[in-house]
Amino acid sequence: MGFFDATSHQPSSDLHDYTWTIYGPPGVGKTTFASEGDYLIIAFERGYTAMETSAVDLTLDRHPDPRATDKAQAAWLGSTPWERFLLTIAEIRMLAKLPWSGVCIDTVDAAYLACTEHVLAEKGWSHVDDGGDYGKGYDAVNTVFKAAVLRLSRLGVGLGFISHSRDRDFKGRGGVKYQKIVPSLTPSVGKWIIGLSDLVLFADTVPGAQGDAVRVVHTQPSYRFDAKARGRRSTPLPSPLFLDYARFAATFKAVMQGKPVGPEDLPIVLEVETRPETTTRSADSGAHWPSE
């Protein structure tokens, strides 16, 4: 019917059609979450050794393909993690059909650091500030980093980012200062990754009804942490959910299809959200990213 399609767009209920970021403390189960979802793990950090998953380890000097030629082996050995990342993207893009349902960068924090080191070496800088005033050095790194990530995003499969967590100071209304748990991404690119993600999931361990520890992912923002998630119309994704990819994907599918979510799909936790208890005030108000 011409250039424009008048048919109303129907949102996908398949989690693999979305881009997500999961962050949290070490060992909580972030990499396991991605591996259970049939994602290729592009590893800038170790942490998948005991998992049954597909992974490309950029930290090893051994070429991922044992059948690689001596020339390819030597090229891999003499390259940086970031150069190996670019080579991995090129290899993925040459595949006629991807054998995985998605690709996940683990961790995006380490990926950005590898990109920074690559740009510094290429420019002959000792620090990003050597790039000039007004954050030009960070702009140079961000340009290279974003271009590589966007190549992955154009593959047409699910894209995941794993990040660590950190506490960050904010200023609320009236200048009230408080701390919040956020992804430990560099501020100059962190907002871009968060904006690119349809879901931002905070992985955590919380007390259960029986006093046991329950691993969960928070999908909605609170005063304690950052999170966000797509929902169908006015129906938000429940929070928290089990830190289990299959159960998470099933709940996501139900919500996007307008189906009810049963109590058996929701963890029972003893957690109450409260406002941060702070009294420090400042003339400046409004949360903002700290300077580089």
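Colleague: What makes the charged end of Arg247 count as sitting over the ring of Phe242?

Modeller: This is a predicted model. In it, the charged end of Arg247 is 3.8 Å from the ring centre of Phe242. The cut-off is within 6 Å, along with an angle limit of within 35 degrees of the ring normal. The distance meets its limit, and the charge is listed as sitting over the ring.

Colleague: Where does Lys180 lie relative to Phe170?

Modeller: Over the face of Phe170, at 5.9 Å from the ring centre. The limit is within 6 Å, so this distance passes too.

Colleague: How many aromatic pairs does the structure hold?

Modeller: There are 13. One of them joins Phe33 and Phe248.

Colleague: Why is the pair of Phe33 and Phe248 called edge-to-face?

Modeller: Their ring centres are 5.7 Å apart, and pairing needs centres within 6.5 Å.

Colleague: What makes Tyr112 and Phe145 an edge-to-face pair?

Modeller: The centres are 5.2 Å apart, and the planes are at 75 degrees. That angle is over 60, so the pair is edge-to-face. Tyr112 is in helix α4 and Phe145 in helix α5, so the pair ties together parts 33 residues apart in sequence.

Colleague: Are Tyr112 and Phe145 buried or exposed?

Modeller: Tyr112 is buried, and Phe145 is as well.

Technical notes. Residues are numbered from 1 along each chain as its sequence is written. This is a predicted model: local features need pLDDT of at least 70, side-chain atom pairs count only at pLDDT 80 or more; totals for chains, interfaces and linings use all residues. Side-chain values use heavy atoms; hydrogens and water are left out. Rings of Phe, Tyr and Trp (its six-membered ring) pair if their centres lie within 6.5 Å; planes under 30 degrees apart count as stacked, over 60 as edge-to-face and the rest as tilted. Helices (H or I, at least four residues) and strands (E, at least two) are DSSP runs, numbered from the N terminus. Buried means under 20% relative accessible area, exposed over 50%, partly exposed in between (1.4 Å probe, protein chains only).
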